[in-house]
Amino acid sequence: MAAKKLNIKDKYRLLTRDLDWDFSYEDRKQAFPYEEFEGIKITDWNKWEDPFRLTMDSYWKYQAEKEKKLYAIFDAFSQNNGHLNVVDSRYVNALKLFLTGVSPLEYQAYQGFAHVGRQFSGVGARVACQMQSLDELRHVQTQIHAMSHYNKFFDGFQEFSHMHDRVWYLSVPRSFFCDARSAGPFEFMVAIGFSFEYVLTNLLFVPFMSGAAHNGDMATVTFGFSAQSDEARHMTLGLEVIKFLLEQHEDNVPIVQKWIDKWFWRGTRLLTIVAMMMDYMLPNKVMSWKEAWEVYFEEAGGALFKDLARYGIRMPKYAETIEKEKEHISHQAWWTFYTHGHAAGFHTWIPSDKELDWLSAQYPDTFDKYYRPLWELAKEQEAKGERFYTSGLPQLCQTCQIPMLFTEMDNPNQNSMRDSVFEDERYHFCSDGCKDIFDEEPEKYVQSWLPVHQIFQGNCGGPGVEDVLSDYYKMNVGVDNMDIKGSPDEKRWNEWKGIA
Amino acid sequence: MTIEIKTSTLEPVRNTFAHIERRFGDKPATRYQEATYDVASEINFHYKPLWQPEYELNDTGRTAIVMEDWYAFKDPRQFYYGSYVQMRAKQQEVAESNYSFFEKRNLARLIPDEIQRKVIRLLVPLRHVEQAANLNNVYGSSLGYGTAITQALLYNGMDRLGNAQYLSRIGLILDSNSGDALNEAKRYWMDDAIWQGVRSYCEANICVEDWFESFVAQDAILDGLIYELVYLQFDQWLADNGGQDFSMLTEFIQNWNKDTNRWVDAVVKIAAAESDANKQLLEQWIGTWKAKALEALAPLAEEMVGPEALAIAEDALVKRLNKAGLLK
Amino acid sequence: MSKVYIALQDNDESRYIVEAIEESNPDSTVIHQPAMIRIEREGRLVIERAVVEEKMGRDWDVQELHINLITLGGNVDEDDDQFVLEWKQ
């Protein structure tokens with residue numbers, strides 16, 4: 001008798017879902033102990049719809065094919081000194097920020113998905129998370145390998161791992177993922193699987209990788225798009241998780257909504273760095289941050305939330321504020337880095353006149369009014385030989401850990417400051433969104449390891465800021481930091497390119 | 001476009017990342033090194049996990065094994081993601097052609113019915129053991145310390161899912177894709193006395209808190225015995241009794257075992273060599289879990305091959321452990 | 001109704017897939033961006049195995065799509081014969 005052909009769904013069920021069994025000798029709750037404390041109610045894991053149905057053999061096959069292509073390009077890139085093809089040496093600073101700030105997040109994503117990939121008692125969800133965990137490990141490793149060649153020719157990459165755990169601005173992305181991983185398994189999935197992967201990573205990878213393509217960086221385009229091909233699976237998983245939680249029990253709806261509010265806010269704060277990379281650090285621009293935000297958040301995210309409305313889920317809280325912020329945050333962030341350029345592990349600069357004009361055109365309602373005058377002033381200072389650096393250390397938001405650089409959206413001349421008192425201590429925030437998050441779980445956020453506080457408390461060496469930079473952060477002071485003008489990076493670049 | 005550059009100006013500023021240089025000196029590093037060493041965070045974790053507030057997110061305290069440097073666990077295969085998936089992709093290509101050859105020629109019809117029954121009862125239920133191994137290895141990957149060992153544990157965890165799927169496909173070949181053989185094998189796993197010892201062992205290990213102990217109980221002890229018993233001895237028995245073609249279907253797992261054993265042995269050896277305290281602890285775990293495993297596997301060994309089979313498997317396992325510096 | 005979208009790496013294989021998508025989905029919009037091709041359509045978009053196979057002149061597994069996929073928006077339903085993206089509102 002000829003065997004009937006199994007369709008992909010039945011095959012996947014037989015090969016994966018049926019592997020689990022009911023325990024007789026131990027309490028299954030002891031094997032999966034973290035499913036209940038968040039208040040999420042799962043009535044039946046069998047209702048889980050597998051978002052994609054890759055068996056391991058297909059996984060190995062397709063992933064190996066991707067890896068083979070990717071590493072062939074890396075090899076060609078380094079053999080041909082591909083770094084010489086980037087548009088100019090300023091561009092490479094975006095990569096430094098990427099390797100020190102983003103790649104280690106991929107590592108935390110690997111750890112987080114391994115954790116939920118072990119702890120969910122439903123086998124379908126577990127296996128999907130395990131595969132994502134493995135993918136995330138792929139991403140951090142391919143990123144390190146892609147940057148390995150740049151590290152040989154530019155400063156600021158060499159201590160990416162050490163810096164990620166310590167440096168003031170890197171505590172922003174780092175605390176974001178520590179926050180998600182230290183939460184329960186379902187919150188982690190809403191935070192990373194859904195909010196971050198489904199909506200926000202598109203903003204991180206797609207415009208930024210197109211930017212790399214536009215700026216002659218073949219290695220980054222290749223790893224970016226190759227990583228992104230896994231992302232499509234991850235997005236599907238993120239959406240499945242949400243639908244599953246919402247369908248399991250009506251009591252889950254308000255919990256999920258609260259997490260969506262929290263993680264979209266936290267995510268948009270995190271993406272400030274990307275906004276700045278796109279508008280200021282890419283010499284050849286692809287699209288403005290504002291436009292990327294409109295395509296990938298407002299349009300794509302809007303469609304998503306319309307789809308979820310049938311479950312009683314609404315747009316994340318503060319969506320109106322977020323919409324206004326797209327006009328401002330990239331400018332506020334780059335100005336902060338420019339003025340703190342001595343304490344950053346990459347180079348900063350004043351946008352060229354052509355770039356200033358581009359920014360004016362992209363941001364007609366805000367740039368000329370609020371931000372261009374700052375740069376014109378900086379240009380004057382620089383021309384006088386008085387390139388401006390702030391001497392103080394910025395106050396950080398207790399929640400997102402970004403310096404208090406944001407302004408009120410209705411009055412961009414006014415810094416946005418909020419505060420809360422918890423157990424007789426006053427804590428400061430950059431926004432209502434961040435204050436809300438703290439007020440909901442103050443016991444958690446009082447633990448924030450705020451780099452500036454830590455420096456003042458003497459926990460990062462010292463006594464001077466320069467000592468902290470060189471000894472605690474392991475920055476090569478005078479080489480990795482300061483303005484691109486006069487930097488060793490610039491000097492080498494000009495030699496390679498024969499620029500006098 | 002040709003760029004004219006004096007070669008001397010293209011000397012690299014450095015050969016590798018600073019943390020790699022601190023470990024291995026100022027020279028070009030391998031992809032394994034750059035992908036592995038000092039990648040995991042070590043300090044300043046901000047928040048204690050709500051699910052384990054007694055630990056940091058990454059914490060060496062989740063096992064009683066103590067290492068001065070958790071990156072001592074170099075993988076002898078030097079697997080990073082890219083080399084790992086490419087190795088498995090090659091192996092799965094061979095497996096795929098074996099499975100499709102077996103199916104296309106309908107080789108099952110040449111295998112005596114009683115041998116087929118025996119495979120459904122004694123081999124196919126091992127897919128559930130692989131499932132337990134998936135959980136235990138992913139557990140170590142998620143709560144272990146240092147990328148050197150945690151990445152290898154994840155690769156191993158995913159391999160076990162792959163193994164479970166290959167074993168399941170043997171069932172599907174024998175039941176012409178109806179799923180009946182898989183259901184039958186699951187009934188043996190759940191109710192047949194012959195499997196209850198192994199099932200109880202798996203359930204107990206899934207609940208073990210110390211991730212390194214769980215690794216020892218699974219990868220070193222149970223897998224070590226099953227490899228010898230099932231994939232060497234039972235395989236030979238099948239070959240001698242008209243079921244030689246099954247070897248085509250278990251070849252993947254056999255080859256997989258060979259490369260994995262190298263890694264498992266290295267991990268055990270490195271942990272034992274670190275200190276007497278580690279060595280004693282490992283021997284204590286090995287003592288407990290080996291006794292349990294032998295008891296659990298005894299009825300299976302007898303039915304698969306015969307009365308001496310288990311002693312032979314134990315002997316082979318002890319030799320491996322001896323080589324790792326244990327039980328001497 | 002919202003738009004679903006899919007983006008593929010701009011390479012030779014994708015060109016056949018995009019051709020197949022255009023054939024299976026009249027009035028879809030194809031947008032060429034640096035290194036990627038984005039295809040959008042109101043409500044629903046389907047990639048049919050048979051059509052891709054015809055364009056490529058070889059067997060094509062729906063899961064091979066993942067090799068060249070960059071991103072997507074919409075609910076996914078994947079089986080042996082097709083890959084569907086859809087909003088359900």
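This is a predicted model: local features need pLDDT of at least 70, side-chain atom pairs count only at pLDDT 80 or more; totals for chains, interfaces and linings use all residues.
How many bridges join β4(C) to strand β7 of chain C? Five bridges do, and the two strands run antiparallel. Residues are numbered from 1 along each chain as its sequence is written, while chains are lettered from A and ligands numbered from 1 in the order in which they are written.

**View 1. An open sheet in chain C has the order β4-β7-β6.** Welcome to a sheet of three strands with antiparallel pairing. Helices (H or I, at least four residues) and strands (E, at least two) are DSSP runs, numbered from the N terminus, and two strands pair if DSSP finds at least two bridges between them. β4 (44–48) and β6 (75–78) of chain C stand at the edges with a single partner strand each, so one side of each is left without a neighbour in the sheet. From one strand to the next, the twist averages 10°. To find your way in β7(C), look for Glu86(C), the bridge partner of Arg44(C).

**View 2. Strand β5 (residues 69–73) of chain C is largely enclosed.** Five of the five residues of β5(C) are buried, so the strand is largely enclosed by the rest of the structure. Buried means that 20 or more other C-beta atoms, placed from the backbone, lie within 10 Å of a residue's own. Strand β1 (residues 3–9) of chain C pairs with β5(C) in the antiparallel sense over four bridges. Leu8(C) has Leu69(C) as its bridge partner in β5(C).

**View 3. Helix α5 of chain A crosses helix α5 of chain B.** The axes of α5(A) (residues 103–119) and α5(B) (residues 126–143) come within 8 Å and cross at roughly 145°. Here, axes are lines fitted to C-alpha atoms, for helices over the stretch in contact, and angles run from 0 to 180 degrees between N-to-C directions. Among the residues that make the contact are Gln111(A) and His115(A) of α5(A), along with Leu135(B) and Tyr139(B) of α5(B). Contact means that the C-beta atoms of two residues, placed from the backbone, lie within 7 Å. The residues of this contact divide into four nonpolar, five polar and one charged. Ala, Val, Leu, Ile, Met, Phe, Trp, Tyr, Cys and Pro count as nonpolar, Asp, Glu, Lys and Arg as charged, and the others, Gly among them, as polar.

**View 4. Within chain B, helix α4 meets helix α6.** The axes of α4(B) (residues 113–122) and α6(B) (residues 147–174) come within 10 Å and cross at roughly 145°. Gln116(B), Val119(B) and Ile120(B) in α4(B) meet Ile170(B), Gly171(B) and Leu174(B) in α6(B). By class, the residues of this contact are four nonpolar, two polar and no charged.

**View 5. Chains A and B share the most contacts of the two pairs of chains in contact.** Here 69 residues of chain B are in contact with 71 residues of chain A. On the chain B side, α6(B) gives the largest share, 10 residues. That side divides into 35 nonpolar, 22 polar and 12 charged residues. Chain B and chain C, in turn, do not touch, and their nearest C-alpha atoms are 14 Å apart.

Notes. A residue is buried if 20 or more other C-beta atoms lie within 10 Å of its own, exposed if 12 or fewer, and partly exposed in between; C-beta atoms are placed from the backbone.
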